[in-house]
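Let's take a quick tour of this structure. Have it open beside you and check each point as you go.

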Number of protein chains: 2
Amino acid sequence: MKKADCKISDAEWIVMKVLWEEAPLTSAKIVEAVSSNKNWSPKTIHSLISRLVKKGFIGVNKEKPLYEYYPLVDKRDSILDETRSFIQKVYDGSIHLMLANFIKEEKISEEEIEELERLLNKKNNK
Amino acid sequence: MKKADCKISDAEWIVMKVLWEEAPLTSAKIVEAVSSNKNWSPKTIHSLISRLVKKGFIGVNKEKPLYEYYPLVDKRDSILDETRSFIQKVYDGSIHLMLANFIKEEKISEEEIEELERLLNKKNNK
DNA sequence: ACTTCTATCCTACAAGTGTAGTCTGTAATC
DNA sequence: GATTACAGACTACACTTGTAGGATAGAAGT
């Protein structure tokens with residue numbers, strides 16, 4: 001059971017993202033997927049998997065000869081949590097400040113701008 | 001000298017934000033400012049200040065009887081760094097994915113939407 | 001001058017993190 | 001059947017972080 005005060009660490013996020021893409025997966029599959037991004041020892045990845053199980057972010061199916069792991073938390077919720085704490089830290093919780101600063105600072109292509117405008121419009125009319 | 005691999009921790013951000021607001025400040029002033037947000041022991045705040053000095057994020061003027069502290073890193077740069085690593089972790093580095101998801105998920109008021117649209121327009125025309 | 005306060009410096013200490021290694025047992029290989 | 005190789009459990013270990021406490025020294029009050 002996930003504890004409320006437990007967070008997914010930076011390294012653990014990589015494993016979670018693999019499992020959110022596809023699950024259930026054996027540890028070998030997870031190692032394979034993670035290895036395309038990160039040059040970690042398989043042992044390291046196993047450690048991360050175990051920690052995530054202990055923290056309650058992923059579950060294990062022990063029926064199979066090779067255990068299969070799957071996420072226990074929703075990707076969207078996790079992203080929202082993470083985003084909120086980031087915005088709290090950097091922007092004192094002001095979403096607006098964040099978005100504004102972001103649009104100002106970052107290089108965004110014209111197409112992207114147009115798509116964002118579409119999104120804003122849709123939101124506005126709803 | 002700030003090391004490249006050194007990060008400002010969550011708690012340290014609060015101190016940095018105080019100093020970005022106003023600097024130089026004595027530690028007593030920093031404690032005062034931080035205390036309005038956080039219920040930390042002054043000792044804790046002193047610890048954070050020392051760590052920030054050691055990490056090279058803030059500097060000290062020891063000429064005065066009471067040391068004065070001031071930021072050594074730019075607020076904007078720090079925010080950009082922090083934002084980039086957040087987006088890397090959660091959105092695999094895709095700014096676009098992040099903004100899109102964000103506009104979709106979060107409750108933003110109409111005025112805010114309009115201001116964001118203005119920002120997008122300004123950006124688009126530049 | 002002696003006491004008191006308190007800023008600065010140094011130390012503490014448990015939990016979390018990145019990054020693995022060891023041990024044990026089962027599975028596949030020769 | 002003996003050997004090897006990998007899975008999973010447990011252990012390791014230094015560093016960071018949150019959260020302070022103690023010692024020391026100079027300033028300030030009496």
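Below is a short briefing, grouped by topic. Keep in mind that this is a predicted model. Two protein copies, chains A and B, are related as by a two-fold rotation axis, and 19 residues sit around DNA strand C.

- Chain B can be laid on chain A with an RMSD of 0.1 Å, using a turn of 179° and a shift of 0.0 Å along the axis.
- The two copies are thus related as by a two-fold rotation axis.
- If you look for the C-alpha of chain B nearest that axis, you'll land on Glu117(B), at 3.2 Å from it.
- The copies meet through the same surface, because 100% of the interface residues of chain B are also interface residues in chain A.

**The sheet in chain B**

- Chain B has an open sheet of three strands, which pair in the antiparallel sense and come in the order S1-S3-S2.
- Strands S1 (25-26) and S2 (58-61) of chain B are at the edges with a single partner strand each, so one side of each has no neighbour in the sheet.
- As a bit of background, strands of a sheet pair through backbone hydrogen bonds, and the pairing can be parallel or antiparallel.
- Two bridges link S1(B) to strand S3 (residues 68-71) of chain B, in the antiparallel sense.
- To see the pairing for yourself, find Leu25(B), whose bridge partner in S3(B) is Tyr69(B).
- Helix H1 (residues 10-21) of chain B packs on this sheet and touches S1, S2 and S3 of chain B. The direction of H1 in chain B makes about 95° with that of S3(B).

**Around DNA strand C**

- Of the atoms of DNA strand C that come within 4 Å of the protein, 51% belong to sugar and phosphate.
- Helices H1 (10-21) and H3 (42-55) of chain A, together with helix H3 (42-55) of chain B, each supply at least two residues of the surface near DNA strand C.
- H3(A) gives the most to that surface, with six residues.
- Sorted by class, the surface near DNA strand C has eight charged, six polar and five nonpolar residues.

**Polar contacts with DNA strand C**

- Ser9(A) has a polar side-chain atom 2.6 Å from a phosphate oxygen of the DNA strand.
- For Lys55(A), a side-chain N or O atom lies 3.0 Å from a phosphate oxygen of DNA strand C.
- Arg51(A) has a side-chain N or O atom 2.8 Å from a base oxygen of DNA strand C.

How values were computed:
Residues are numbered from 1 along each chain as its sequence is written. Chains are lettered from A and ligands numbered from 1 in the order in which they are written. This is a predicted model: local features need pLDDT of at least 70, side-chain atom pairs count only at pLDDT 80 or more; totals for chains, interfaces and linings use all residues. Side-chain values use heavy atoms; hydrogens and water are left out. Two strands pair if DSSP finds at least two bridges between them. Helices (H or I, at least four residues) and strands (E, at least two) are DSSP runs, numbered from the N terminus. Contact means heavy atoms within 4.5 Å. Axes are lines fitted to C-alpha atoms, for helices over the stretch in contact, and angles run from 0 to 180 degrees between N-to-C directions. Copies are superposed by least squares on the C-alpha atoms of residues with pLDDT of at least 70 in both. A residue is near a molecule or strand if one of its heavy atoms lies within 4 Å of it. A polar contact is a pair of N or O atoms within 3.5 Å; within protein, one must be able to donate a hydrogen and the other to accept it, and residues adjacent in sequence count only if both atoms are side-chain atoms. Ala, Val, Leu, Ile, Met, Phe, Trp, Tyr, Cys and Pro count as nonpolar, Asp, Glu, Lys and Arg as charged, and the others, Gly among them, as polar.
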